[in-house]
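Hello,

Here is the structure you are taking over. Please open it first, then read my notes below.

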Amino acid sequence: MVFGCGEGVKPTATTTVADSADQVLIGMKHYVTTNSILRALVLADTAYFFNAQQTAELRVVHVTFFDAQGAKTSTLTANQGTFHWRTGDMEGRGNVIVIRSSDGGTLHTEAMHYSQTKNQVTSDLPFTFDSPNQHLKGVGFTADPDFKNVTATRVTGTGGQFVLPSH
């Protein structure tokens, strides 16, 4: 039998998140605090930690947000996300759903960013928001985690009070 170059099955090399992570946690639970006050509880089925970037890539994400008094304001679920552990910032990606605790108001989008220092959520992607007295659609928004104060662009919808950006 004679083998020459270019014959047979060639191996392929791919690097996955799990291959390059410094640590992998199954069933992650992380408390995000500001001045010893709980601001968010982050749960993920799997977390891939990258020390150099100070980030964790999360799979099957569930985040509960809390106000300055420690009361639950909203919950976020997403297929995946990124947690920046130095700043406390987070992103959710893939079927992002946020449910407001006060009335069940629900926001749907494909990606959203949370800034811990600003205590606000933002997205530049299409979204829908439904609550007992509102139905809104738009592209891009900035809001507090309980969606009491929302600024959005290209908005259509009905009901309630909504602040449009000034240009």
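A residue counts as buried when its relative accessible area is under 20%, and as exposed when that area is over 50%. Anything in between is partly exposed. Tyr114 has a relative accessible area of 2%, so Tyr114 is buried. Keep in mind that this is a predicted model.

The overall picture comes next. The chain has 10 strands and one helix. The chain exposes about 9800 Å². Carbon and sulfur atoms supply 53% of that area. I also looked at contacts between residues at least 6 apart in sequence. Of these, 34% join residues at least 24 apart.

Now the aromatic residues. A search of the whole structure finds three aromatic pairs. Two of them are described here.

One is Phe49 with Trp85. Their ring centres are 5.5 Å apart and their planes stand at 45°, so this pair is tilted. Phe49 sits in strand β2 (residues 37-50). Trp85 sits in the loop between β4 (72-84) and β5. The pair therefore ties together parts that are 36 residues apart in sequence. Trp85 comes out at 30% relative accessibility, so Trp85 is partly exposed.

Another is Phe65 with Tyr114. Here the ring centres are 4.8 Å apart and the planes are at 50°, so this pair is tilted. Phe65 belongs to strand β3 (residues 55-66), and Tyr114 belongs to strand β6 (residues 106-115). The two are 49 residues apart, and the pair links distant parts of the chain. Phe65 is at 3% relative accessibility, so Phe65 counts as buried. Tyr114, as said above, is buried at 2%.

One more residue to look at is Arg100. Arg100 lies in strand β5 (residues 89-100). Is Arg100 buried or exposed? Its relative accessible area is 10%, so Arg100 is buried.

Best wishes

Key
Residues numbered from 1 in each chain as written. Predicted model: local features only at pLDDT ≥ 70, side-chain atom pairs only at ≥ 80, totals over all residues. Heavy atoms only, no water. Helix = DSSP H or I, 4+ residues; strand = E, 2+ residues; numbered from the N terminus. Buried < 20%, exposed > 50% of the residue type's maximum accessible area, 1.4 Å probe, protein only. Contact = heavy atoms within 4.5 Å. Areas by Shrake-Rupley, 256 points an atom, 1.4 Å probe, with all protein chains shown as cover. Phe/Tyr/Trp six-rings, centres within 6.5 Å; stacked < 30°, edge-to-face > 60°.
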